[in-house]
Amino acid sequence: MVAGGFGVGKTTFVGAVSEISPLRTEAVMTSASAGIDDLSHVQGKTTTTVAMDFGRITLDDDLILYLFGTPGQDRFWFMWDDLVRGAIGAVVLVDTRRLADCFPAVDYFENSGLPFVIALNGFDGHQPYTPEEVREALQIGPDAPIITTDARHRNETKSALITLVEHALMARLK
Amino acid sequence: MATPPGGYPYGNDQQAQQPLNRYNFPSSPSSPGYGSMPEQRPPHVPAQPQQHRRAAAPSGGGARNNPLVRPYAMTGGRTRPRYQLAIEALVHTTAQPSQLQGQLPEHQRICHLCTEIKSVAEISALLSIPLGVARILVADLAEAGLVAIHQPGGDASAGGQPDVTLLERVLSGLRNL
């Protein structure tokens, strides 16, 4: 999963490393749909479309990695729950100029137990804060890696993914 | 699963009607309201069936060109598949072309697309079908034996998270990119 605040570069990140142009899938949701099959008695429900961009990396003859950019709005937790199942982990993209935007994602992954790495997306190549400063500001424990990245560049995104999988592997081996 | 009366199985009048449902209303007179404006439906209901029957036959595939068809009309009003497909589950068509005759247009499109292996997410994106609908349609096809599904491997004891072997394969795959 690739998470983070609105406009932080999730789709850019996915596009930089995906072998296909990022695709967009949409889920049509109603405010009352959870757990309800028959909507015949639902009055006044509101319909929302949640868009989610994703990409694909073929790693092997029979191994395909999918990268899902989480829907930006925090209220679509149900989509996240769906994605977390079977996920290897999450890259939380952070724009250090808008640090608070990543709080919901960090909280979510801490609560769900999904391994995650914090990737500071350097806009215009700037990394004004060190990873350790960000760790302190985000109150993140020493386990979760914090790295710098540039969501536009394939090598950087690939390296962020490698860090994530290594971290997930370490977490499983503990 | 609560299936609205008359909403299933496929191929009945309700399904045949939906390609021409230009009013953005569900077209099942027998199941009040999976539309968002149930109070406005009754005046339209009597007028619809005749129009739809008249043009139903030649309109196969029309649904994709008509954004006003409510997506869940394709699923007979069902909002959940018979079993839960992962969004990244892989789908691959096993049906012979001759078996696709008479299938719903949406089912046929999925089968054509999945001659090369595709995930549920890709089916949704490439055919512009909402994710939940794609899941239901793929589950239907799997039940009919027309596609094979490869659910992602996972360790049941760890809540479906990938096991160590899989993580190692992913890691080595990424390094070799």
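**Entry 1. Helix α2 of chain A**

I began at the end of α2(A), where Gly86(A) follows the helix with a positive phi, near 85°. Helices here are DSSP runs of H or I of at least four residues, strands are runs of E of at least two, and both are numbered from the N terminus. I noted that this is a predicted model, in which local features need pLDDT of at least 70 and side-chain atom pairs count only at pLDDT 80 or more, while totals for chains, interfaces and linings use all residues. Residues are numbered from 1 along each chain as its sequence is written, and chains are lettered from A and ligands numbered from 1 in the order in which they are written.

I then asked which residues of α2(A), residues 77-84, are buried. They are Met79(A), Trp80(A), Leu83(A) and Val84(A). Seen down the axis of α2(A), the buried residues fall within an arc of 135°, so they line one face of the helix. The arc is taken over the directions from the helix axis to the C-beta atoms. I used these cut-offs: a residue is buried with 20 or more other C-beta atoms within 10 Å of its own, exposed with 12 or fewer, and partly exposed in between, the C-beta atoms being placed from the backbone.

**Entry 2. Chain A as a whole**

I listed five helices and seven strands in chain A. Along the sequence they follow the pattern β-α-β-β-β-α-β-α-β-α-β-α. Chain A has 174 residues, of which 41% are buried. Of its contacts with a separation of 6 or more, 68% come from residues 24 or more positions apart. A contact requires C-beta atoms, placed from the backbone, within 7 Å.

**Entry 3. The sheet of chain A**

I traced an open sheet of four strands in chain A, in the order β1-β5-β6-β7 with parallel pairing. Its edge strands are β1 (2-4) and β7 of chain A, each of which pairs on one side only. From one strand to the next, the twist averages 35°. Strands count as paired if DSSP finds at least two bridges between them.

I looked up how many bridges join β1(A) to β5(A), residues 90-94. There are three, and the two strands run in the parallel sense. Gly4(A) stands opposite Leu93(A) in β5(A). On this sheet packs α4(A), which touches β5, β6 (116-121) and β7 of chain A, and its direction makes about 125° with that of β7(A). Axes are lines fitted to C-alpha atoms, for helices over the stretch in contact, and angles run from 0 to 180 degrees between N-to-C directions.

**Entry 4. Helices α1 and α5 of chain A**

I examined α1(A), residues 10-17, against α5(A), residues 154-173: they pack at an angle of about 100°, with axes 8 Å apart. The two helices are therefore roughly perpendicular to each other. That term covers 65 to 115 degrees, whereas angles under 35 count as roughly parallel, over 145 as roughly antiparallel and the rest as oblique.

From α1(A), Phe13(A), Ala16(A) and Val17(A) meet Arg154(A), Thr157(A), Lys158(A) and Leu161(A) of α5(A). By class, I recorded four nonpolar, one polar and two charged residues in this contact. Ala, Val, Leu, Ile, Met, Phe, Trp, Tyr, Cys and Pro count as nonpolar, Asp, Glu, Lys and Arg as charged, and the others, Gly among them, as polar.

**Entry 5. Loops of chain A**

I checked Gln139(A), in the loop between α4 (131-138) and β7 (146-149) of chain A. Its phi is near 55°, a positive value in a residue other than glycine. Most residues other than glycine have a negative phi. Is Gln139(A) buried or exposed? Gln139(A) counts as exposed, because it has 9 C-beta neighbours inside 10 Å.

His126(A) lies in the loop between β6 and α4 of chain A. His126(A) is exposed, with 10 other C-beta atoms within 10 Å. Its C-alpha atom is separated by 20 Å from that of Ala3(A), 123 residues apart along the chain.

**Entry 6. Chain B**

I listed six helices and three strands in chain B, running α-α-β-α-β-α-α-β-α from the N terminus on. Of its 177 residues, 41% are buried.

Its three strands form an open sheet, antiparallel, in the order β2-β1-β3. β2 (118-119) and β3 (147-150) of chain B stand at the edges with a single partner strand each, so one side of each is left without a neighbour in the sheet. Two bridges join β1(B), residues 90-93, to β2(B), and Leu90(B) stands opposite Ser119(B) in β2(B).

The phi of Ser128(B) is positive, near 55°, and the residue is partly exposed, with 13 other C-beta atoms within 10 Å.

Technical notes
Two residues are in contact if their C-beta atoms, placed from the backbone, lie within 7 Å.
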